[in-house]
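Here are my notes on this entry, point by point. Please read them with the structure open.

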Amino acid sequence: MSVVSALFFSAQALASTSPDVPNAEKHPKRESKRFKKTDAHTATDVASINAEDEERLTVKGHGFNTMHQSLGLSRMPQDVMHTPQNINVVPQALMKQQNVKSLDEALRNVPGVTASIGEGAGGMNGDQFLIRGFQAQNDIYEDGLRDFGVYSRDSFNFESVSVIKGPSSEVFGNGTTGGAINMVTKTPGLHNSYSAEFTGGSGSYYRGTLDINQKLDSSTAFRLTGMGDEHNVVGRDFIYSHRWGIAPSLAFGLGKRATLVLQYLHQQENSVPDFGVPVVTKPGASYGQPITEYGIRRTNWYGTNNDQNSTNDNMETARFTYKVNDHITIYDDLRGGQYYRNFAASKATCDTTCVNNYFNGDPASALVARSGPSGAGKGTGPGTYMAPLPYEQRSWSVQNVASMVANFNTGFLRHQLVAGVDIERVNDVRSQSTYLKAKPYANLVNPNPYVGNLDLVPGESNPAGLVTLGSLGAKPHSSGYGFDTGLFLFDQIWLTKWLSVKGGFRWDRWQTSYNLTGGNVAANPDKHFHDVSGVFNPNVSLVATPDEHQTYYFTWASSTTPMGMYVTNGSVPIRPGTNSFASPEKAQLYELGAKYSLFHDRIGATASLFRLDKGNAMNADPVTGEVQGSSDRQRNQGLELSVGGIILPGWNVTATYALYDSDTTYSATQANRGKNVQYVPHNQATLWSVYNAFPNTPYNIAFGGGVTWRQHVWLNAANTLRAPANLDFSAMISHRFDKHWKISMNGYNLANRLNYQSLFSNRATPSAGRMFLGEVSFTY
């Protein structure tokens, strides 16, 4: 990231903080003058600038101290420091040092975020995350607008990534039980810069990116970012990904009262989905673990040569800002999205016969089924036909958020009022296919993916091969939509210069429909379901800001996730016929926190204590993947700490720690009461540190590394299956030849430890093994 880019982004952050709001960040004029002297063409990142420049960037609230960073959301106009909620930011400087290439990699720096395989009868995959143990696959946003696509998001157009912890339905709408993930994208600025990067290394990794920013006149600029990426996965056989993307954007009125930013994003991918290895219980063991913990090679993949994941995703965005006067700013953000997906995957089932044969000395007879709830048994049949079935998915969405931020006084009280309307519509159409030939069983020890042509046909022509989903029957076609109208209003009132109260609400009218058609209509009649529900979510915070360097807060917030919420990223968005159909999932957050920006803003630190209670918890069926409501009540409570910034000149550090205490406070299944919540570790921590030695000399060098650690997690509600702890060591080293050219090397999983990244209730996907990537980059 160039110094000029950092300056421009700083200006954006400062512009979003009103001078009428108490304790807004203030910067001495002396610093501003020093920045004006900076060479407009100097290209660098935090690891490669000199100590004096590092200090000045951090004073501006950037680098690894993100306390004064804008969230990039009109509905959350204050910076991280003054927002009364725990927020983890992955800044551009950190992503560059780690050579982050995807949203999944960026979020590995955030405690409490877990990747999920998230598949079901329809075979969901793509980016599927849990925050504090609760589903967040519908809570991924780009510049504050929901991204409904089911795909793996590349990082080539990211400026930063934020995770806003805890229920946020009053801001984002339905969902956000554990939190929301917001990606801030790269936008045009009033400067000229041209940069490109090429990466290559282990696993036949080849990647190239470009970033061009061109000033067109005094208030207009154009920016183009692009990416091409193809790689295999070190330590996993037959897994690969080929993707490319492009994101042009055009900004009008920069620095003026009215600003319009037009953006387009296209990302396309062709890859092989990895549903991991089965989790089994060794005879005599008290709990089950991934089969790779018992001598099976981590490279084993149980899919077939018919598996594929082809995605084509497009989003068009228009963001308009109008500053009416010094007190009122109006925003209108509009996005359309079109998403296409062709998907076929396999999942391994190692049943009791498979387990016994393997552990009792007959591994050649240990067979796994590649689909369906039934295992291979003794392997006497031809194989299995069932879930997950191939499918084609076509989705589209449109969302418009109009909002106003007003700063004003009523007597001696100061206010910051945020109000607006949020309207969104998402449609989804899917068609299942079936195989006429069964998927042959795979040997647990030496699986063979080459099974030949399985004769893929439309599900309409082979109803007997369709998956039966309980009372829903077996249907080849499904369609549905969700339509939401939301009104939000919240006001922060300063009772004194340092004490304020923030409160508000959001009301949503959620309308959803789900249709199942085709197939054997005589045996399984077509079904149509429709539901309309009104949802009200309030929140309130007490905020103390003794000065501009510290904030203390207490927040209570609620969220609601009605059934039918997962239109595009759930295999069955509505499951009628249960008592939970009309009862949405509800969550309550209680959070006490403190935020600091210390040592002249060189270091930012946060601490929070929270309790998150969830009722009518939604659970995914381990066989079909159906999202079903239940009467279960769950609780996660704990402590989260983070610190980031400059320890000494040239030495940048960021570290996080989370301590969680989770349990199921009530369940209709007596044995599950008091058990840990799925996917929630008891402890989790990250550390990353880089030192820049001899800056501005021919022998400059930046080097460092870090560690991520996650304690074991339980994979099911009964706490009988678990994934072992993760421990990952990584490192980097870079050298800058001049202000334009740089080379760097990153190493990942240096101990070549067997970790597990994506989890499901009865499977786990081994993470990549030890790998090294070299990068050459230039900026002008």
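1. Start with the salt bridge between Arg-146 and Asp-139. Their closest N and O atoms are 3.8 Å apart. The cut-off for a salt bridge is 4 Å, so the pair qualifies. Arg-146 is buried, and Asp-139 is buried too. Keep in mind throughout that this is a predicted model.

2. Which strands does the bridge between Glu-640 and Lys-165 tie together? The N to O distance for this pair is 3.1 Å. Glu-640 sits in strand β31 (residues 633-648) and Lys-165 in strand β7 (residues 158-165), so the bridge ties together parts that are 475 residues apart in sequence. Both ends need a look for burial. Glu-640 has 2% relative accessibility and therefore counts as buried. Lys-165, at 0%, counts as buried as well.

3. Arg-207 and Asp-229 form another salt bridge, with the closest N and O atoms 2.8 Å apart. Arg-207 belongs to strand β10 (residues 205-217) and Asp-229 to strand β11 (residues 220-232). The two residues are 22 positions apart, and the pair links distant parts of the chain. Arg-207 and Asp-229 are both buried.

4. Some bridges share partners. Arg-132, Lys-165, Glu-591 and Glu-640 are joined this way into one network. The structure holds 26 salt bridges. As a reminder, side chains of opposite charge can pair when their charged atoms come close.

5. Elsewhere, Arg-722 lies over the face of Trp-714, at 5.6 Å from the ring centre.

6. Now the aromatic pairs, of which the structure holds 16. Why is the pair of Phe-610 and Tyr-660 edge-to-face? The ring planes of Phe-610 and Tyr-660 stand at 75°, with the centres 5.8 Å apart, so the pair is edge-to-face. Phe-610 lies in strand β28 (residues 603-615) and Tyr-660 in strand β32 (residues 651-666), so the pair ties together parts 50 residues apart in sequence. Phe-610 counts as buried because its relative accessibility is 4%. Tyr-660, at 2%, also counts as buried.

7. Tyr-691 and Phe-703 make another edge-to-face pair: 6.0 Å centre to centre, with 70° between the planes. Tyr-691 is in strand β33 (residues 683-693) and Phe-703 in strand β34 (residues 701-710). They are 12 residues apart, and the pair links distant parts of the chain. Are these residues buried or partly exposed? Tyr-691 is partly exposed, at 35% relative accessibility. Phe-703 is partly exposed too, at 39%.

8. One ring cluster should be noted as well. Ring pairs link Phe-238, Trp-301 and Tyr-450.

9. How many disulfides does the structure hold? There is 1. Cys-350 and Cys-354 form it, with their sulfur atoms 2.1 Å apart. The torsion about the S-S bond is about -90°, so this disulfide is left-handed. Cys-350 and Cys-354 are both buried.

10. Leaving aside neighbours within four places in sequence, Val-113 is in contact with Leu-107, Phe-129, Leu-130, Ile-131, Val-163 and Gln-684. Gly-179 is 66 residues away from Val-113 in sequence, yet the C-alpha to C-alpha distance is 9.7 Å.

11. Finally, the chain as a whole. It has 7 helices and 41 strands. Of its 780 residues, 61% are buried. Among contacts with a separation of 6 or more, 70% join residues 24 or more positions apart. The accessible surface comes to about 27,800 Å², and carbon and sulfur atoms account for 59% of that area.

Notes:
Residues are numbered from 1 along each chain as its sequence is written. This is a predicted model: local features need pLDDT of at least 70, side-chain atom pairs count only at pLDDT 80 or more; totals for chains, interfaces and linings use all residues. Side-chain values use heavy atoms; hydrogens and water are left out. Helices (H or I, at least four residues) and strands (E, at least two) are DSSP runs, numbered from the N terminus. Buried means under 20% relative accessible area, exposed over 50%, partly exposed in between (1.4 Å probe, protein chains only). Contact means heavy atoms within 4.5 Å. Accessible areas come from the Shrake-Rupley method with a 1.4 Å probe; for residues, only the protein chains shown count as cover. A salt bridge is a side-chain nitrogen of Lys or Arg within 4 Å of a carboxyl oxygen of Asp or Glu. A disulfide is a pair of cysteine sulfur atoms within 2.5 Å. Rings of Phe, Tyr and Trp (its six-membered ring) pair if their centres lie within 6.5 Å; planes under 30 degrees apart count as stacked, over 60 as edge-to-face and the rest as tilted. A charge sits over a ring if NZ of Lys or CZ of Arg is within 6 Å of the ring centre and within 35 degrees of the ring normal.
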